[in-house]
Every structure is written in structure tokens, then in C-alpha cells.
Amino acid sequence: MADETYPQELKYYREHDWVRLEGEDAVFGITWFAQDALGEIVYADLPDVGDEVIAGKPYGELESVKAVSDVIAPLTGEVVEVNDALEDEPQRVNEDCYGEGWILRIRMTAPGQIGELLDVDAYKAFLDEA
Amino acid sequence: MSIVKVLPELRAAGGAQMALDAGLLETADDVIARRYTWAPPALSLGKFQKYEPVPGLPFDVVRRPSGGRAVLHGEGFEWSFAVAFPAGALGAGARAGLDVAKPYDVVAGAFAGALDALGVTLDVGRESAYQRSALCFASVLRHDLTARGEKLVAVAQARRGGRVLVHGSVLERRPPDELAQVAETLLGEPWQGDGLAGAGYVLAPEMIWKRVLVQLEAALQRLAV
């Protein structure tokens, strides 16, 4: 597992997602803190291409150390790509959470929500809130 | 006032028991604890554990809302429990909301305190790799409790919308051969685990549970300060 890091160029959501904006699309996954808090991930139950995900609502579940945890979408949109590699190698989320451990690519249908995302400093401050 | 609300003990089929636990995960606004027994016997599977249905089994097969591996449940050799925590019950702040270890620490800690008070000497630091076995009682994770190498208490967890459910199983003794052998055939590996009896202990479930509740209440009172 890599050291704790929160890349400057990404946006963040209070449910511990990171978001990379690419035109009409948004790619997201879970942050270093999230994968560390969950522990070794052994299964990822994810939506299918074409499904809708809604900001603030669960879009899938991750299993780690006998715990099944919901994962929350940071933005609303239609799923256009799923990281299928996680089916066989869910531990990629732990090993490289901002790279090979990405989870979904969506086509945003409510891009105005981008303004509600946090920048890296705001996310770090959020993490440190008591 | 007590933090932990305790539900009456319930003897029922596995489907009903898991529906109740799933309901606690969806709706608990207080810390709620319950003890239960399975009648008829059942094999519970982790939420995502692979399984091919087979007809004519001597036990029900049910899915848990939690993760982990298969557990054989039934009266006379095993009993179960669940503790549901509403959002924020285990600590405030962004970090507490996602902490998988904390609920295990609180519940397993309550069992450890209860068993210790009843004279059980628990093993320290015994852990094996996750998912090496399809059978839950055949492997040991950090929060499972063992004595003399026997796994006594297995725990698993589900988290949804900020709520957390920790439920688990206390193995009193090896299941009857007619159940264990079918489970072996289904899952392709021999049953392992003789539980409390294997470690040399015979303890009434009510006695353990009463002390667990005292320990749990004390732990949550400390967290609330």
C-alpha cells in the first residue's frame, strides 16, 4: 500500500471519493484514507455500464475484512465504463487507489454538482475535523 | 440511561434472522443488541460468497448482509448475536465514519471481557490469511476470539448509510456429523473447529451474553464521554 497521499489535481467528495474531471466525463474511486480505513479489499460489487449513479447515493459495495461497505457516488451520471480488472484483482484499490484502482467512469448529467466537490486542502481539512 | 437497547432473544429460521439483522442495518437509530438461535439449522454465506444451490440439504442456506465465509448455525452447538450502531455512535468526525476496525474492536472487546470474566484464557495475536478457507471457523482474523487455538467467536460486518451492523457466531462445540459432513461436501473442505468445548469450556449462552451486554454498555459509555 502506498503512503498517504491526496493528489493536488483531483477533486474530492465528503464520502471519501476522489474525482478526475475529463470533459463530459468524471472518473472516480476512493481516497487513500478510505481504502486504508476499509482494509484489504477482497470483492467489489459495481454497477453495469448504462446504469445511473446519483450523487450522495450508494453505487456499489466493497468487501474487506469480512465487512461489506457501501460506496457513495460523488456525482450524478450514466456509467460509461467500469474498471473490470477489479473483478479479479479488487486489491488494486488498496495498491493504487488513484491509478489502477479507479472504479467508475460516468458521463455527467448534472455537471453543476462539480461546484460541491472539495479541493485537496478542503478535503484534508475535512479529514481532520473532530 | 442505557445506551444499548436489548431485544428479546429469538429462536427462528435463518431467513427471518437475517431479515431482522438487515432491518437493523437499515433502520437502527439506537445501539441495538440481540442474541438469537437458529431453528432449523442453517448454513449462512457471506454476501458475495460463491455458492451453487443444491436441493435436499439437511439445513437452510441463507445469505448474510455481511461479508466473510460460511458459518454453520444450529441449536446445541452454536448461537448468534447482532449489534447495530446508528451513524455517529462510535465516534464523531470524518475518519470515524469509515473505520471498519472500531466496531469490531468494541464488539469483540465486549466478548473478550465477558469471556475473561468467566475464566476463559484467550489467545493473543493469532491470525491467518483472509479467505484461505470457505469456512469461517477455519481461519482467524484479528478480531476473532480464540482459546487454545480454537476459534470461539466469529464476527462480520455490514455498513450502509453510516449505520454499522456487527453480527457473529459463538461456537459451543463441533456441529453434529450429519450437518458438518454435508457442509464439507458442499464447500469442498473438511470442517474445522470445536469451539468452546474444544478449548475445554462449557458456558451457558445466557451467562456469556449477560456479561457481553455489560461490557458493551461500559465501552459505549466511555466513548460517549
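## A walk through chains B and A

Start by selecting chain B: its secondary structure comes to five helices and 10 strands. Helices (H or I, at least four residues) and strands (E, at least two) are DSSP runs, numbered from the N terminus.

Before you go on, know that this is a predicted model: local features need pLDDT of at least 70, side-chain atom pairs count only at pLDDT 80 or more, and totals for chains, interfaces and linings use all residues. Residues are numbered from 1 along each chain as its sequence is written, while chains are lettered from A and ligands numbered from 1 in the order in which they are written.

**Chain B, whole.** Zoom out. The C-alpha atoms of chain B fill a box of roughly 50 × 35 × 35 Å along the principal axes. Chain B has a radius of gyration of 17 Å, which agrees with the value near 17 Å for a compact globule of 225 residues. (That radius is taken over C-alpha atoms, and the globule rule is 2.2 Å times the number of residues to the power 0.38.) Of the 225 residues of chain B, 44% count as buried, meaning that 20 or more other C-beta atoms, placed from the backbone, lie within 10 Å of the residue's own.

**Where the chains meet.** Now show both chains. How many residues of chain B are in contact with chain A? There are 22, and they touch 21 residues of chain A; contact here means C-beta atoms, placed from the backbone, within 7 Å. On the chain B side, 10 of these residues are nonpolar, seven polar and five charged. (Ala, Val, Leu, Ile, Met, Phe, Trp, Tyr, Cys and Pro count as nonpolar, Asp, Glu, Lys and Arg as charged, and the others, Gly among them, as polar.)

Look for S69(A), which stands opposite R159(B) in β9(B).

**Over to chain A.** Chain A has four helices and nine strands. Its radius of gyration is 14 Å, close to the 14 Å from the globule rule for 130 residues, so chain A is as compact as a globular protein of that length.

Find the open sheet of six strands, in the order β1-β2-β3-β9-β8-β5, with antiparallel pairing; two strands pair if DSSP finds at least two bridges between them. Which strands stand at its edges? They are β1 (11-13) and β5 (52-53), each with a single partner strand, so one side of each is left without a neighbour in the sheet.

Last stop: β1(A) is joined by three bridges to β2 (residues 17-22) of chain A, running antiparallel. Pick K11(A), whose bridge partner in β2(A) is V19(A).

Note on methods. A residue is buried if 20 or more other C-beta atoms lie within 10 Å of its own, exposed if 12 or fewer, and partly exposed in between; C-beta atoms are placed from the backbone. Two residues are in contact if their C-beta atoms, placed from the backbone, lie within 7 Å.
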